[in-house]
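Please work through the exercises below with the sequence and the model at hand, trying each task before reading its solution.

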Amino acid sequence: MPFARLASATTPTCHIGVGLAAVGRPGYINLGREQDLPSVRSVDALRGRTHELLDAAYAQGVRYFDAARSYGRAEEFLADWLQARPAVDDIVVGSKWGYTYTADWSTDAEQHEVKDHGVATFERQHAETAALLGDRLDLYQIHSLTLDSPALTDKELHARLAEAAAGGVTIGFSTSGPAQADTIRAALAVTVDGEPLFRTVQSTYNLLETSAAPALAEAHDAGLTVLVKEGMANGRLAGDRAPQALRAVAAEASLGCDAIALAVVLRRPWAGVVLSGAATVDQLGSNLHATVADLDEEQLARLETLAEDPGAYWERRGQLPWH
């Protein structure tokens, strides 16, 4: 497992990763993003921003980097960064397949991505990812697996994924939606030749959306590495947008709301890697302060009251505009 590299890392931030969804394309749903990125979002401008973030993250001990085929040119930007830094050999690189980016570098496209978990899409996108990342790819995940996805039952796809695993790539899946827990449990039952297919799971978990926690604990107990995405709830837990209880605890700790929100996730015993979705170097630095947050039981109890009904949470997330 490539995540053994993280086990030997000694920096406090080695279990925080950087996700490139917010900087690999000009449009995304994170709140406040219109102020976070350059007014001219050319390919070169976002390539430069991505490289700045990767440099800052690596220098501060971050060792996991996460992309996807649908994150615009995120894989390309990451590949460029890796090629220019051949000595960087102690990181874990993950990407995802299953969504095709369709916005053509536009922020107001009618449709930004198209989902397809079929074998043909896997074969095409796996080849595209391999052409960019080559043997630097450690983890390849099904993007946003849900209970209705054919990827849970398609034996031909399972065989293809097992072939990729035999070639040295760890196979995982990410989840989305109010039924994340059920999806995780269904995926844990998928086997090829009697062996579990998936070795990692990446799910949304944050102060507002906690419903996947029991299933993520089960996945961890089954030997999977758990990656947590959207720990900031797409910006809803940052700055002035954060709920009052979170702002109060952040003030008491003299840290940003983002650091407190991520610190709570890092405390979960099943959380192997917690992703930062920072779009600026300053945001990343603030996120990394999560590793020094010292929260007491009374503060944690106040923060636990923020959890929402999963259906309401995902309905609101689905209404977030692409900026």
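The exercises that follow treat helix packing and then a pocket in a predicted model.

**Exercise 1.** Determine how helix α9 and helix α12 are oriented towards each other, and identify the residues that form their contact.

Solution. Begin with the geometry: α9 spans residues 244-253 and α12 spans residues 297-304, and the two pack at an angle of about 155 degrees with their axes 9 Å apart. Because angles over 145 degrees count as roughly antiparallel, α9 is roughly antiparallel to α12. The handedness comes next, and the crossing of α9 and α12 is left-handed. On the α9 side the contact is made by A245, L246, A248, V249 and E252, while α12 contributes Q299, R302 and L303. Sorted by class, the residues of this contact between α9 and α12 are 5 nonpolar, 1 polar and 2 charged.

**Exercise 2.** Carry out the analysis for α9 and helix α10, starting from the angle at which their axes cross.

Solution. The axes of α9 and α10, the latter covering residues 257-266, come within 8 Å and cross at roughly 100 degrees. Since the range from 65 to 115 degrees counts as roughly perpendicular, α9 is roughly perpendicular to α10. The contact involves L246, R247, V249, A250 and A253 of α9, together with C257, I260 and A261 of α10. The class count for α9 with α10 gives 7 nonpolar residues, no polar ones and 1 charged.

**Exercise 3.** Classify the crossing of helix α3 and helix α4, and describe the residues through which they meet.

Solution. For α3 (residues 43-59) and α4 (residues 74-83), the axes come within 10 Å and cross at roughly 55 degrees. The two helices are therefore oblique to each other, and the crossing of α3 and α4 is right-handed. From α3 the contact draws on V43, L46, R47, T50, H51, L54, D55 and Y58, and from α4 on E76, F77, L78, D80 and W81. By class, the contact of α3 with α4 comprises 7 nonpolar, 2 polar and 4 charged residues.

**Exercise 4.** Describe the largest pocket by its volume, its lining and the residues nearest its centre.

Solution. The volume of the largest pocket is about 1,000 Å³. Its lining consists of 49 residues, and those nearest the centre are Y28, I29, N30, E230 and N234. Turning to secondary structure, at least two lining residues come from each of α2 (33-36), β5 (113-115), β6 (139-145), β12 (273-276), α11 (281-288) and α13 (310-318).

How values were computed:
Residues numbered from 1 in each chain as written. Predicted model: local features only at pLDDT ≥ 70, side-chain atom pairs only at ≥ 80, totals over all residues. Heavy atoms only, no water. 1 Å grid on protein atoms, 1.4 Å probe; cavity = no way out; pocket = protein on both sides within 12 Å on 5 of 7 lines; lining within 4 Å. Points joined across faces, edges and corners; volume = space filled by probe spheres on them. Helix = DSSP H or I, 4+ residues; strand = E, 2+ residues; numbered from the N terminus. Axes fitted to C-alpha atoms, helices over the stretch in contact; angles between N-to-C directions. Parallel < 35°, antiparallel > 145°, perpendicular 65-115°, else oblique. Left-handed = near helix turned anticlockwise from the far one by under 90°. Contact = heavy atoms within 4.5 Å. Nonpolar A, V, L, I, M, F, W, Y, C, P; charged D, E, K, R; others polar.
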